There are 6 protein chains.
Amino acid sequence: MRNDQRTVNSLRPIKITTHYVNHPEGSVLIEVGDTKVICNASIEDRVPPFMRGQGKGWITAEYAMLPRATAQRNIRESSKGKVSGRTMEIQRLIGRALRSVVDLDKIGERTVWVDCDVIQADGGTRTASITGAFIAVVLAFGKLLEVRSIAKMPVTDFLAATSVGVLPDGEEILDLNYEEDSQAHVDMNIVMTGAGEFVEIQGTGEEATFTNSQLQIMLNLANDGIQQIFTKQKEVLGELTERFGETVKKEG
Amino acid sequence: MRNDQRTVNSLRPIKITTHYVNHPEGSVLIEVGDTKVICNASIEDRVPPFMRGQGKGWITAEYAMLPRATAQRNIRESSKGKVSGRTMEIQRLIGRALRSVVDLDKIGERTVWVDCDVIQADGGTRTASITGAFIAVVLAFGKLLEVRSIAKMPVTDFLAATSVGVLPDGEEILDLNYEEDSQAHVDMNIVMTGAGEFVEIQGTGEEATFTNSQLQIMLNLANDGIQQIFTKQKEVLGELTERFGETVKKEG
Amino acid sequence: MRNDQRTVNSLRPIKITTHYVNHPEGSVLIEVGDTKVICNASIEDRVPPFMRGQGKGWITAEYAMLPRATAQRNIRESSKGKVSGRTMEIQRLIGRALRSVVDLDKIGERTVWVDCDVIQADGGTRTASITGAFIAVVLAFGKLLEVRSIAKMPVTDFLAATSVGVLPDGEEILDLNYEEDSQAHVDMNIVMTGAGEFVEIQGTGEEATFTNSQLQIMLNLANDGIQQIFTKQKEVLGELTERFGETVKKEG
Amino acid sequence: MRNDQRTVNSLRPIKITTHYVNHPEGSVLIEVGDTKVICNASIEDRVPPFMRGQGKGWITAEYAMLPRATAQRNIRESSKGKVSGRTMEIQRLIGRALRSVVDLDKIGERTVWVDCDVIQADGGTRTASITGAFIAVVLAFGKLLEVRSIAKMPVTDFLAATSVGVLPDGEEILDLNYEEDSQAHVDMNIVMTGAGEFVEIQGTGEEATFTNSQLQIMLNLANDGIQQIFTKQKEVLGELTERFGETVKKEG
Amino acid sequence: MRNDQRTVNSLRPIKITTHYVNHPEGSVLIEVGDTKVICNASIEDRVPPFMRGQGKGWITAEYAMLPRATAQRNIRESSKGKVSGRTMEIQRLIGRALRSVVDLDKIGERTVWVDCDVIQADGGTRTASITGAFIAVVLAFGKLLEVRSIAKMPVTDFLAATSVGVLPDGEEILDLNYEEDSQAHVDMNIVMTGAGEFVEIQGTGEEATFTNSQLQIMLNLANDGIQQIFTKQKEVLGELTERFGETVKKEG
Amino acid sequence: MRNDQRTVNSLRPIKITTHYVNHPEGSVLIEVGDTKVICNASIEDRVPPFMRGQGKGWITAEYAMLPRATAQRNIRESSKGKVSGRTMEIQRLIGRALRSVVDLDKIGERTVWVDCDVIQADGGTRTASITGAFIAVVLAFGKLLEVRSIAKMPVTDFLAATSVGVLPDGEEILDLNYEEDSQAHVDMNIVMTGAGEFVEIQGTGEEATFTNSQLQIMLNLANDGIQQIFTKQKEVLGELTERFGETVKKEG
């Protein structure tokens, strides 16, 4: 039994509120247990300088926490005048993950800005951000389709993420909360597509190391969890998901 | 009739959700029309260096907007590496206002950090922040009283804020939304106490100037609006408000 | 009697030296009692990016203190690598005030840079800066008129500022020096035009609050003081002041 | 056949020069093909503030490239005034990896600063940095043992890293050079210990995704390559490696 | 004949106003032709961390220009968020020069902060700063002597600086104004003591090179000019100069 | 006898390795005794904004030390977020020196970026940087000549630098190592051309002053040392040096 009564292979309850903020093209509040993240997707009608003139788009992500999303208040990164290494790692991860399931050739010279702002943190903020940001991005493309700014849904497949780890007693578990994450000997974040393939695996054992067989158990736990998340995403996104993959080049 | 059907002297609907985030000592989501601000009050058991050894406390405020709280996405101040002049003005205003109704001698060497994070903006974010932050601060002191960290409620009176202005047609109005604020010839923020006195008046007419009689009309509108806000605050804070002023030195 | 023998409604002696520095288009040393500020106005033949192509100009202000303008040496903002909140507030105030009496449509795509550098501080540095900067700006426009870069004086009216406040004994006073400012319960800066209207009112009572009747007394003190400053400005600017308002749109 | 004639499972030639710079306690120039990194380990006799008084040590790493280590000159991070996200990710990775094989309780309140400076880059700079930094750290501890500042070798096991990936034609390969890395659909960095366990797995497929069976092939390639690197490390470090693990708590 | 009618070996008129600003321990306005610099010396009763506990003092200098001290307005270094290389070079030079004639062992653990702020620039701002700063520092020490904070005058000798150069026609000249400085093929700053020895020689020929015989002519011009400056300094400082050297260790 | 057995007028052994890094157009490792500097010259096909449209080129230099190039580890300037005054002084000096022997009109609108990175420091890093950077720049121009991007060698003469100083015992010495430099009363850096003229003289006596006769002795020592360095440069550069000066305007 885990500290919140879950079994080793259960996810925390997931709640998704779409259209949470009224200005962005796509906006989602995702709650995974006590972790709450606002994911906003904004469409800008130009790309960064290094991509101009190529006729294709770009997706970039930013991540932040409210100072008191955590038990101890954190100093704002704007006050410190710089973004921490942890923040940069997370926002690079979110951006990379989203780009893996979007056909950037099909969105024209546009930038999708994804903002993931953690309102309340209880472990797994980066994986919740990816799962929620995916929904916000699909909603934003839905809006572009509606006004016929783009012709086809540029999203090729589902995308979601979760964490897995190894507790000090050697037990492999799914979807760590903050207390579990603090104690875990191994911590791994997995991003997968609807097709069941990996987009990103980031596993680290600072206090310990792990074997290939432990890795396999964790990958299986992650796979099962992520399948459940896809079901949630499908419920929320409805018929938009039927258009996934319509831009995929058949001859490719 | 105003762009949202209000009369010149009506406030927008105000909705206050307490205990919105679970970590802070005091936490409030305040909604004033479409403006939504999370106000968190955190208690830290020490004061900044310049105040050490004086046996009294300090209150300081920080203010930020999510990048897509507005119609156009704003670049994060953490990415720019510096806080804008507008942000600094607002957070200095919030801090000053709160300190005017708290007896800092009664809270020991503690710092109250107030974080106002605008989730969605439609004008009046700084006045909503003050009104909401006041509630968060009272809740945080309530928690200190509960655990007997302090003996008396250090808050001396109610505190709330609103905006008033003059439209291009010369009409004075209460509680401007974003569209009104963009057009107004005069824009004024008023902070008042429960006793009906001013804590802060900030009035500016960039496109125009204003006369003393216009000023009086605006001050009256503000006074009427702020009285209604006090009623809201009392509903939300309940019996905590009965202890306001118990620290005031009778002989003072 | 005040700490420097003045009555409650007297200004400190004002001394204005024009053409103080030889490079700027307009340059003034203003001394208000022991407060000394160099105000330079520079004309640049382009506007900031956000204003290009609109055929109108812009006025922006910067404010700084020499490190030893005060009793204790302050660290330079260039060494700290950032401009403080107080500095930003003041330079935004100066810029806004000046723009309220200049018809920006009449100066073409030019930027007026106003630099207010406090050489010696004894209270009231921001209001002295506004009063002096106004003169520097008029002189700079005078130079543009002379060389026929512009056809009409774009200044519409006089502009000056002073401070008022309430001492701990409840007395309202005009033009606070540093010692008075440190003790005052209320501190208010007022910017007015020659027509007797308000451009900006910024009043704050951190240690105390103030009533509407106190406000009225302070506004009257400010009005009387500012009238005297206008007389000084007129003496210094001479016939340039006769051209004020010649650009005002009659039909507007 | 690969672009440099290697088979899919061959490493590039590795050359290790110890005592490369004369000041650091441990100094190594590691060359992996055309990638050249100077790895210096410096011992400081104190720990960062957050660790003081715990009687244990810390290892932290910094990573940089000379501006012209690459085909195009990069702007120095000191000139930009900030460290990039990529740099932060890499230096956090190096530090974490080294800490996994050092018993920090056995080094007293000391900080080991590891500096990895890339002189010439041809892919795999972060894995070469880990492999080289491990040697520099062992040499530095060797020096501490020599002067009896510490009693036992605090290193518990070998540590090395390499990259694996998937080429566009679907072939899995070991130890990617820059050209391969630019084209690869999947790029994965693996850090392992002498015991054959994983310390870190970071795999990403920006242009593509990967399956679990591809993952297994890559992990096997990495394992074979890293075993060869351990042999190199043993040659260079000699009898120091015989003392690895002597601090491991037997009862743990 | 030079562009301002001077002979090759004449200085521009020098005017020194002491006690120019009322707060600093030593304050001077120095005018060298049209170059005007405010030099303030502030005494702080502690030294920087790297010098604590040694029982001796420190002198450090900062240098800045008002944005419109020059023909073209310069962006403030506080706005740019960093100090330029030129500024750093100059303030390091001023500090070094002053430290060469002050016996830091005799001032206790105090820091002398020297601020040189250029109000108006016409060439030679760094040498005017040194000449003026020396006077401000002596005045500040005079004040310390007066209140018996120190027992002996810690200044060992006079200190002054000037510039010399070579015009395009090959003529060596003394004390270059801005126009001359812009055209000169060689530009050299010389700092000397009352004893006629060099403290600093900084000569550079970006557009050209110079021979040893040209160097000798320039050094002689500088020596003659600096002797005249010493006379000025003596007039201004009066009897304080009689105490120079009283701290010099006789046995040294 | 000096601390490393040299006579007062001997240089330390100089070793120059060309083509040290494979990417830059010109690359040199220069070793002067135990001081080792990598000097890379990169050609960029554009000039900085302030020089565009003039048809001429620019040379700029950057200088840095590896953190552990010195006995004590230095904090990276990228971590501090700013470049120190010392670094700026040195890189400005290197750039100025190189520009004095290159005919910028003959290289078209190109920028030569010179990077001097100190791997190991033992005094004289700035002069070794100049001597090595000159070789790197000539090699880079050699490459441009080879591919006929430019028609003539734009270098007009040899360029090298060394240091001289005065030891506490009054002895003048050539080419100070770190220990000598720390003790020296006078420290002077001299940059000269093949024609035996001075490009830059920077002499400073922080602990002491120096006389004109001491200056002459130091200049002679420097001249003799630099002649030996030119011989080394000629050996390394070979026939490229025969083309020096071919662009000099005969009529100039």
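I began with helix H2 of chain A, residues 85–99, in what is a predicted model. I found H2(A) lying across S6, S8 and S9 (198–204) of chain A, together with strand S9 (198–204) of chain D. H2(A) runs at about 155 degrees to S9(A). I then looked up helix H2 of chain D, also written as residues 85–99. H2(D) lies across S9 of chain A and across strands S6 (159–166), S8 (186–193) and S9 of chain D. Its angle to S9(D) is about 155 degrees.

**The sheet itself.** Next I traced the strand order. I noted 8 strands in an open sheet, in the order S7(A)-S6(A)-S8(A)-S9(A)-S9(D)-S8(D)-S6(D)-S7(D), with antiparallel pairing. The edges are strand S7 (172–174) of chain A and strand S7 (172–174) of chain D, and each of these pairs on one side only. From one strand to the next, I have the twist averaging 20 degrees.

I took one pairing in detail. Strand S6 of chain A, residues 159–166, is joined by 8 bridges to strand S8 of chain A, residues 186–193, and the two run antiparallel. Which residue in S8(A) is the bridge partner of Leu159(A)? I found Thr193(A) there.

**Chain B against chain A.** I turned to the contact of these two chains, to which chain B gives 34 residues and chain A gives 34 residues. The area buried between them is about 2,800 Å², with 46% of it on carbon and sulfur atoms.

I counted 12 salt bridges across the interface of chain B and chain A. One of the salt bridges I looked up is that of Asp117(A) with Arg76(B), where the closest N and O atoms are 3.0 Å apart. For polar contacts between chain B and chain A, the count is 23 residue pairs, both residues being at pLDDT 80 or more.

I then listed the elements on the side of chain B that touches chain A. Those giving two or more residues are strand S3 (35–44), strand S4 (58–65), helix H1 (77–80) and strand S5 (111–120) of chain B. S5(B) supplies the largest share of that side, 6 residues. By class, I have 15 nonpolar, 9 polar and 10 charged residues on the side of chain B that touches chain A.

**Pairs without contact.** Last, I checked two other chain pairs. Chain C and chain D are joined by no contact, and their closest C-alpha atoms lie 11 Å apart. For chain A and chain E I likewise found no contact, with the closest C-alpha atoms 11 Å apart.

Technical notes
Residues are numbered from 1 along each chain as its sequence is written. Chains are lettered from A and ligands numbered from 1 in the order in which they are written. This is a predicted model: local features need pLDDT of at least 70, side-chain atom pairs count only at pLDDT 80 or more; totals for chains, interfaces and linings use all residues. Side-chain values use heavy atoms; hydrogens and water are left out. Two strands pair if DSSP finds at least two bridges between them. Helices (H or I, at least four residues) and strands (E, at least two) are DSSP runs, numbered from the N terminus. Axes are lines fitted to C-alpha atoms, for helices over the stretch in contact, and angles run from 0 to 180 degrees between N-to-C directions. Contact means heavy atoms within 4.5 Å. Buried area is the accessible area (1.4 Å probe) that two parts lose on being put together, summed over both. A salt bridge is a side-chain nitrogen of Lys or Arg within 4 Å of a carboxyl oxygen of Asp or Glu. A polar contact is a pair of N or O atoms within 3.5 Å; within protein, one must be able to donate a hydrogen and the other to accept it, and residues adjacent in sequence count only if both atoms are side-chain atoms. Ala, Val, Leu, Ile, Met, Phe, Trp, Tyr, Cys and Pro count as nonpolar, Asp, Glu, Lys and Arg as charged, and the others, Gly among them, as polar.
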